[in-house]
Amino acid sequence: MSIEHSILAVISFRPSTGYDIKSEFEHKAAGLFWGISYGSLYPKLKKLEEQGYIITIESEAEGRKKKLYELTGKGWTELESWLARKPEPPNIKDELFIKMAAWHNEMDLGILAGHLKNRAHESEEILSFIKEWKQNNTSYINSVGMLAMRYAELKLEAELQWIKESLDSLENDRLPEGQDPKKLGQKQVERRKEALKADQ
């Protein structure tokens, strides 16, 4: 999913100011759906406007003029064309998983347990936010969007269950047996020892 399509999707909900769009990308659950930094938002909006996908309109509220972004016909067509295309397969880019895959025998497992506890706290906060979001009587979430929200809930609940099981394994010395047919773990320990010794 491109950042541009994410922006078109947000504007499709209602004509939006830059601040409105920014808010959609910054709330607690945003990482489950969007991927954009605030710094890149306005250049993307300018590009979308130059390409004819959005226009700016002025709105007056409480005596103040606001600049709103609205989809053009071309913008609606592009959004609907993107919605109709087959989604990309899931892509797990999670620094925690990468760190766990790279963990080695000389590292303190207590540090890893701390990472998992922090993640559990963050995931619980996001899960709570989503559950409240679905019934806050403020946000627009259509029926199909509710199905996506349910997916997010189940994903977070599964993650919390996995964290609980992982912490139990770490804290009770019940780690599953790994595999190392080429003895890379042992060689890793030796390489690390030699490198640290050479740096002294």
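Visitor: Let's start with α1 and α2. At what angle do they cross?
Guide: Keep in mind that this is a predicted model. The axes of α1 (residues 3-13) and α2 (residues 18-26) cross at roughly 115°, and they come within 10 Å.

Visitor: So how are α1 and α2 set relative to each other, perpendicular or parallel?
Guide: Roughly perpendicular, since angles of 65 to 115 degrees fall in that class. The crossing of α1 and α2 is right-handed.

Visitor: Which residues meet there?
Guide: On the α1 side you have Ser6, Ile7, Val10 and Ile11. They meet Ile21, Glu24 and Phe25 of α2. Sorted by class, that contact has 5 nonpolar, 1 polar and 1 charged residues.

Visitor: What else does Ser16 touch?
Guide: Setting aside residues up to four places away in sequence, Ser16 touches Val10, Ile11, Ile21, Lys67, Leu68 and Tyr69. Val10 and Ile11 of α1 and Ile21 of α2 also take part in the contact between those two helices.

Visitor: Okay, on to α2 and α3. How do their axes cross?
Guide: At roughly 120°, coming within 11 Å, with α3 covering residues 41-50. That makes α2 oblique to α3. This crossing is right-handed.

Visitor: Which residues of α2 and α3 meet?
Guide: From α2, Gly18, Tyr19, Ile21, Lys22 and Phe25 meet Leu41, Tyr42 and Leu45 in α3. By class, the residues of that contact divide into 6 nonpolar, 1 polar and 1 charged. Ile21 and Phe25 are also among the α2 residues that meet α1.

Visitor: Switching topic: where is Glu159?
Guide: Glu159 sits in helix α7, which spans residues 143-171.

Visitor: Which side chains does Glu159 make polar contacts with?
Guide: Its side chain makes one with the side chain of Arg119 at 3.5 Å, and another with the side chain of Ser123 at 2.4 Å. Leaving out neighbours within four places in sequence, Glu159 is in contact with Arg119 and Ser123.

Conventions
Residues are numbered from 1 along each chain as its sequence is written. This is a predicted model: local features need pLDDT of at least 70, side-chain atom pairs count only at pLDDT 80 or more; totals for chains, interfaces and linings use all residues. Side-chain values use heavy atoms; hydrogens and water are left out. Axes are lines fitted to C-alpha atoms, for helices over the stretch in contact, and angles run from 0 to 180 degrees between N-to-C directions. Helices (H or I, at least four residues) and strands (E, at least two) are DSSP runs, numbered from the N terminus. Angles under 35 degrees count as roughly parallel, over 145 as roughly antiparallel, 65 to 115 as roughly perpendicular and the rest as oblique. A crossing is left-handed if the near helix is turned anticlockwise from the far one by less than a right angle, and right-handed if clockwise. Contact means heavy atoms within 4.5 Å. Ala, Val, Leu, Ile, Met, Phe, Trp, Tyr, Cys and Pro count as nonpolar, Asp, Glu, Lys and Arg as charged, and the others, Gly among them, as polar. A polar contact is a pair of N or O atoms within 3.5 Å; within protein, one must be able to donate a hydrogen and the other to accept it, and residues adjacent in sequence count only if both atoms are side-chain atoms.
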